[in-house]
Amino acid sequence: MRSSALATVTLVLAAAGVAVLAQAPPAAPAAQTFEVASVKPSNPNPTGPLGGTPMVLPALGRLTAQNVTLRMLVMTAYNRQPFQIVGGTPWWNQNKFDITAKAEDGSANLDQMRTMLQGLLADRFKLKAHVETREVPIYELVLARSDRKFGPKMKASTDSCPDFKEQQQKMLEAIAKGGVGALQSMMAKPGENKPCSITQVPPTPDNLALGFKATGQSMELLVTLLTQLSGRPVVDKTGLTGAHDFELSISLQSLAALYQELGVTLPLPPNLPEGPALMTTVQEDLGLKLDSKRGPSEVLVVDSAELPTAD
């Protein structure tokens, strides 16, 4: 499961965040476009340990994407989860692309790179999209216990950490400079409680689930992770403020289902026992609860797109 764990790190980094589009996205202004860009079909027979791993890396004024679909690119450009995007073309979750692009400003941050990627998609893929507000199923995140006590895997943090967006930027820049190995060096080692960190806990024979261990992180990050993993918008109704330490896990079957929706098949061992449900781990481990509701939420509607001409 090593390659799938690395892929998960990449997608979490690429898609995490809470920026919300309040109106139809405009075309990127001249100052927010890539200086040069190359778009090519992916090699159907990639080589190397990570050659076939879908990856989007926007950092240090450069964007590198490999083996990604248009759907993944739209998710990254507009900071959306799969269920927050509707429409699309018959091929947008099948055809894979490699992209390299360079901005004039080598210090462009993630938000600026997203805007530039929006411009690239409009230019090379002729992407047209708009935003609508719809009534959809949501989850409200609340405290599970009347005494407001947490579960065994969550507590208020003593760390004073930068916000997640700043940490995310540092992670992306570390990968851009030194590859995945540089990111791993920033993460806590097994058994280590490294302050201000977000670490993946790989599956073990005794725990067939992929875990996320966070120290000194905001509720904003937890809500983002739960939104990604649950497949619904999650609204924080806990009233909690400040930083927290927590551990959250997702079964391998649920993880595979998330990737399958993106056109990526994760190889799982045969006869794999069913892992714990997300709702159960949130309540038992964190002392929180996901209440099913309906409410307004914005979705990005993809009106049309065209296959790009390779260069």
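Lysine 102 is partly exposed in this predicted model, with a relative accessible area of 30%, and its side chain meets that of glutamate 35 in a salt bridge, the N to O distance being 3.2 Å. Glutamate 35 is itself partly exposed, at a relative accessible area of 48%. Because glutamate 35 lies in the loop between α1 (2-15) and β1 (36-41), whereas lysine 102 belongs to strand β5 (residues 97-102), the pair ties together parts that are 67 residues apart in sequence.

This contact is one of seven salt bridges counted in the structure. Another of them joins the side chains of glutamate 132 and arginine 134, with 3.0 Å from N to O. In general terms, side chains of opposite charge can pair when their charged atoms come close.

A covalent link is also present, since a search of the whole structure for cysteine sulfur atoms within 2.5 Å of each other finds one disulfide. The disulfide joins cysteine 161 to cysteine 196, with an S to S distance of 2.1 Å, and the link is left-handed, with -85 degrees about the S-S bond. Cysteine 161 is placed in the loop between β7 (154-156) and α4 (164-186), and cysteine 196 in the loop between α4 and β8 (197-201), so that the pair ties together parts that are 35 residues apart in sequence. Neither cysteine reaches the buried class, for which the relative accessible area must be under 20%: cysteine 161 is partly exposed at 22%, and cysteine 196 is partly exposed at 25%.

The strands β7 and β8 also take part in an open sheet of four strands, which has the order β7-β11-β9-β8 and antiparallel pairing. Because β7 and β8 stand at the edges, each with a single partner strand, one side of each is left without a neighbour in the sheet. On average, and with direction ignored, neighbouring strands of this sheet are turned by 10 degrees against each other. The pairing of β8 with strand β9 (residues 209-218) is antiparallel and extends over five bridges, and isoleucine 198 stands opposite alanine 214 in β9.

Two helices lie across strands of this sheet. Helix α5 (residues 219-230) lies across β7, β8, β9 and β11 (243-251), and runs at about 10 degrees to β11. Helix α7 (residues 278-286) lies across β7 and β11, running at about 145 degrees to β11.

Helix α2 (residues 70-78) is mostly covered, nine of its nine residues being buried.

How values were computed: Residues are numbered from 1 along each chain as its sequence is written. This is a predicted model: local features need pLDDT of at least 70, side-chain atom pairs count only at pLDDT 80 or more; totals for chains, interfaces and linings use all residues. Side-chain values use heavy atoms; hydrogens and water are left out. Buried means under 20% relative accessible area, exposed over 50%, partly exposed in between (1.4 Å probe, protein chains only). A salt bridge is a side-chain nitrogen of Lys or Arg within 4 Å of a carboxyl oxygen of Asp or Glu. Two strands pair if DSSP finds at least two bridges between them. Axes are lines fitted to C-alpha atoms, for helices over the stretch in contact, and angles run from 0 to 180 degrees between N-to-C directions. Contact means heavy atoms within 4.5 Å.
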